[in-house]
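Here is a short briefing to read alongside the model. Have a look at the structure below, and then we can walk through a few of its features together.

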Amino acid sequence: MRKRILGVAITAGLVVAAFPAAASADAGTTSAAAGGWTPVSYGSLDQPAGTDCSFELKIDFPTQGVEQRISATYPNGSPLRTDFRGPLIARYTNGATGASVDEDLSGVGTLYNFPDGSSLWNIPDNFGVSIKPGDPYHAQGEYVLSGGEVIAITPKHQVAVLYQTKVTDVCAALS
């Protein structure tokens, strides 16, 4: 089952949110013994110049161990609340220069999905997020947020950072 986490990239305590269609849950691995936790895997991403950074940005995940569980659903069975936990390291690479930086996106996080298509992330740990051009709430770029964040995503996938502690500008670090 593929799960769209954030129409930007996610990375939630996990990158989850932040990377559209980058995360997928392995179907058929849920068990009562595991408490409903299923593994999530992340594929590589290649963001063309001008999408996140002024240069081509490549994102890989050399360390993965994220799990998710749906802890609350709507009457129709669709997820209301999804919890995430586990280790995740993202490697960001400047496609033009080859310079790279590893960021620790490990931790826990909770995603709330609302009937209107909006969502809310509550992350006490680390989170990676891509802000696309034209987003009215935040400057375009690739960011790693650490130490606690609350992020709202509109039905049109615009990101509003409601609370943040520490911000790392990945584009600036790789420029």
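Thr154 counts as buried because its relative accessibility is 17%, where buried means under 20% relative accessible area, exposed over 50% and partly exposed in between, with a 1.4 Å probe and protein chains only. Please keep in mind that this is a predicted model, in which local features need pLDDT of at least 70, side-chain atom pairs count only at pLDDT 80 or more, and totals for chains, interfaces and linings use all residues. Residues are numbered from 1 along each chain as its sequence is written, and side-chain values use heavy atoms, with hydrogens and water left out.

**Around Thr154**

- Thr154 sits in the loop that links strand S13 (141-153) with strand S14 (159-169); helices (H or I, at least four residues) and strands (E, at least two) are DSSP runs, numbered from the N terminus.
- Leaving aside residues up to four places away in sequence, Thr154 touches Gly117, Ser118 and Tyr137, a contact being heavy atoms within 4.5 Å.

**The chain as a whole**

- The protein chain has 1 helix and 14 strands.
- Of its 175 residues, 45% are buried.
- Taking contacts between residues at least 6 apart in sequence, 51% join residues at least 24 apart.
- The chain exposes about 7700 Å², and carbon and sulfur atoms supply 53% of that area, as computed by the Shrake-Rupley method with a 1.4 Å probe.

**An open sheet**

- An open sheet is formed by 4 strands in the order S4-S5-S8-S9, with antiparallel pairing; two strands pair if DSSP finds at least two bridges between them.
- Strand S4 (45-47) and strand S9 (100-104) are at the edges with a single partner strand each, so one side of each has no neighbour in the sheet.
- From one strand to the next, the twist averages 20 degrees, using axes that are lines fitted to C-alpha atoms and angles that run from 0 to 180 degrees between N-to-C directions.
- S4 and strand S5 (residues 57-64) run antiparallel and are joined by 3 bridges; Gln47 has Leu57 in S5 as its bridge partner.

**The disulfide**

- There is 1 disulfide in the structure, meaning a pair of cysteine sulfur atoms within 2.5 Å.
- Cys53 and Cys171 form this disulfide, with their sulfur atoms 1.9 Å apart.
- Cys53 lies in the loop between S4 and S5 and Cys171 in helix H1 (residues 170-174), so the pair ties together parts 118 residues apart in sequence.
- The disulfide of Cys53 and Cys171 is left-handed because the torsion about its S-S bond is about -75 degrees.
- Cys53 and Cys171 are both buried.
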